[in-house]
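This briefing covers helix packing, a pocket and salt bridges. Please look over the entry shown here before reading the points below it.

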Amino acid sequence: MKLYVVVREDLSPGAQMAQSLHAFREFVEHHQEIEREWYSTSNTIVILGVPGEADLYGLARTATEAGIKYSSFREPDLEDELTALAFEPGEKTSEMLKYLKLAGQFTG
């Protein structure tokens with residue numbers, strides 16, 4: 001069971017790390033029971049990348065339609081732009097994200 005974080009790759013590498021952590025922290029805050037189970041049974045986390053903000057909106061829409069729980073983070077220093085999403089572990093999540101590459105691997 002992998003917990004997934006998806007971050008924008010149009011951000012600097014340092015910003016990608018920070019935004020990923022922010023999204024993960026939001027997930028822990030809003031989905032404590034899911035996070036506790038994940039942490040005690042797997043504790044595997046995968047950080048994936050997308051080209052930009054529009055891609056995150058598309059994933060959020062798809063997750064909502066599929067009933068997949070997630071949390072988002074908006075960066076105040078970037079005019080509250082959506083920068084990262086954290087998704088619950090599960091087969092539906094894995095299937096939805098299987099086409100994405102690991103963060104830092106996007107070649108545009």
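**Helix packing, pocket and salt bridges**

The axes of helix 1 and helix 2 (residues 32-41) cross at roughly 110° and come within 5 Å. Helix 1 is therefore roughly perpendicular to helix 2, since angles of 65 to 115 degrees fall in that class. The model is predicted.

Helix contact

- On the side of helix 1, the contact is made by Phe-24, Phe-27, Val-28, Glu-29 and His-30.
- Helix 2 contributes Gln-32, Ile-34, Glu-35 and Trp-38 to this contact.
- Sorted by class, the contact of helix 1 with helix 2 has five nonpolar, two polar and two charged residues.

Largest pocket

- The volume of the largest pocket is about 150 Å³.
- Its lining consists of Pro-13, Gln-16, Met-17, Ser-20, Leu-21, Phe-24, Ile-45, Ile-47, Ala-103 and Gly-104.
- Helix 1 (13-30) and strand 2 (44-50) each supply at least two residues of the lining.
- Helix 1 gives the most to the lining, with six residues.
- By class, the lining of the largest pocket has seven nonpolar and three polar residues, and no charged residues.

Salt bridges

- The count of salt bridges comes to four.
- One of them joins Glu-81 and Arg-8, with the closest N and O atoms 3.0 Å apart.
- Glu-81 lies in strand 4 (residues 81-87) and Arg-8 in strand 1 (residues 2-8).
- The pair links distant parts of the chain, the two residues being 73 residues apart.

Definitions and conventions: Residues numbered from 1 in each chain as written. Predicted model: local features only at pLDDT ≥ 70, side-chain atom pairs only at ≥ 80, totals over all residues. Heavy atoms only, no water. 1 Å grid on protein atoms, 1.4 Å probe; cavity = no way out; pocket = protein on both sides within 12 Å on 5 of 7 lines; lining within 4 Å. Points joined across faces, edges and corners; volume = space filled by probe spheres on them. Helix = DSSP H or I, 4+ residues; strand = E, 2+ residues; numbered from the N terminus. Nonpolar A, V, L, I, M, F, W, Y, C, P; charged D, E, K, R; others polar. Axes fitted to C-alpha atoms, helices over the stretch in contact; angles between N-to-C directions. Parallel < 35°, antiparallel > 145°, perpendicular 65-115°, else oblique. Contact = heavy atoms within 4.5 Å. Salt bridge = Lys/Arg side-chain N within 4 Å of Asp/Glu carboxyl O.
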